[in-house]
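Colleague: I should be grateful for a close look at a single helix in this model. Please describe its two sides and its surroundings.

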Amino acid sequence: MVTNLMTQRWALLTFILRSSLFFPFFSSSTEPAILNSTVVLLFTMTITLLQLVILLVCVTWSSTATKLFIGANWKCSIESVEDVDRQVEGLNEMWSSLDQAEKDAIELCINPPFVYLDRVRAKLHKEISVGSQNALDARGHSPDRRNTGATTMAMIRSVGSEWVLLGHSDRRNNLGEKDKLIATKVRAALDEGLGVTLTIGELKWQRNMGLALRTLRKQLGVAAAAVPEGKWESVVVAYEPVWAVGEGATPCSPEEAQRVNAALRKFIHDKVGPEAAKACRFTYTGSVNEINAAAYAALADVDGFVVGRAGLDPVKLKSIIQTLASS
Ligand code: PGA
């Protein structure tokens with residue numbers, strides 16, 4: 001969906017540019033007979049100026065086109081600054097080896113633990129975004145400054161992070177985070193100018209009882225109510241079937257991922273509006289790797305991935321980026 005939008009934009013831009021570049025040649029070759037040279041010169045200068053304005057508009061427009069999204073969630077996998085530095089070095093080399101078209105198509109966001117955010121941001125290639133894996137506390141509904149040990153949105157932004165990952169199943173299921181608290185965090189992040197990767201997902205028993213979509217709509221609905229109007233471009237929804245995440249898990253079939261993501265997009269369309277449904281990116285997460293990425297990337301309502309294990313290996317990550325970029 002996002003790719004289609006970008007392709008359409010590029011087609012239109014190319015058309016405008018081509019037509020406007022030929023315009024002065026038509027005018028100067030057909031009109032000198034009837035216009036004196038000063039008029040021709042003025043005319044040509046005006047057209048040239050117009051071309052420059054069009055070019056500027058085109059460049060700005062294309063650079064704001066929504067990209068496909070890949071989030072790499074490190075979780076607690078890297079636990080020393082030496083390993084962090086090695087990982088960042090590998091990511092930088094990987095990013096530099098991509099084609100420009102691949103880089104342009106993808107927004108890559110690395111999510112290290114809090115303590116490494118500053119270090120990663122300082123050393124990582126500037127074209128790669130950095131996001132926190134969480135913010136604020138695991139309990140309570142108020143993002144209160146008096147909570148010792150908490151990390152606020154402002155702190156995250158102050159070290160140059162642009163994203164925050166919220167609602168991951170580890171936090172929902174192991175640390176007891178509830179929809180309402182997650183919604184509070186979503187609002188706080190967006191108010192601070194951060195983008196939000198909002199993870200939602202059903203447990204195995206919920207799926208077995210036919211409650212998958214109901215669970216997902218509830219989780220998404222509570223968070224969606226906290227998203228201010230016009231902020232949906234800063235939201236990435238990550239559908240994470242909890243039973244499909246981690247070592248030994250069975251990935252969700254591409255057909256099911258498409259069915260769910262289409263239903264989620266429709267939910268936002270109906271509840272919030274068509275603009276929100278178009279601006280929001282709907283991604284898939286759960287055992288995505290360099291082998292199965294192509295099957296998900298081809299889906300109409302999968303605008304990217306959040307990866308865990310595969311994101312720790314720059315070679316695998318590169319392959320996933322290339323697959324998605326060419327989808
Ligand atoms: P995985 O993790 O890609 O290793 O399954 C995904 C996640 O935790 O979101």
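Modeller: Helix α11 comprises the 18 residues 254-271; helices here are DSSP runs of H or I with at least four residues, strands are runs of E with at least two, and both are numbered from the N terminus. At 1.5 Å a residue, α11 should span 26 Å, and its end C-alpha atoms are 25 Å apart, which agrees; the expected span is 1.5 Å times one less than the number of residues.

The model is a predicted one, in which local features need pLDDT of at least 70 and side-chain atom pairs count only at pLDDT 80 or more, while totals for chains, interfaces and linings use all residues. Residues are numbered from 1 along each chain as its sequence is written.

Within α11, the buried residues are A257, V260, N261, L264, R265 and I268 (buried: 20 or more other C-beta atoms within 10 Å of the residue's own; exposed: 12 or fewer; partly exposed: in between; C-beta atoms are placed from the backbone). These residues cover an arc of only 135° around the axis, so they lie on the same side of α11; the arc is taken from the directions from the helix axis to the C-beta atoms. E255, K266 and D270, on the other side of α11, are exposed.

The cover over the buried residues of α11 includes the helices α10 (212-224), α12 (274-279) and α13 (293-297), together with the strands β6 (235-239) and β7 (281-285); contact requires C-beta atoms, placed from the backbone, within 7 Å. After α11 comes G273, with a positive phi near 145°.

Note on methods
Two residues are in contact if their C-beta atoms, placed from the backbone, lie within 7 Å.
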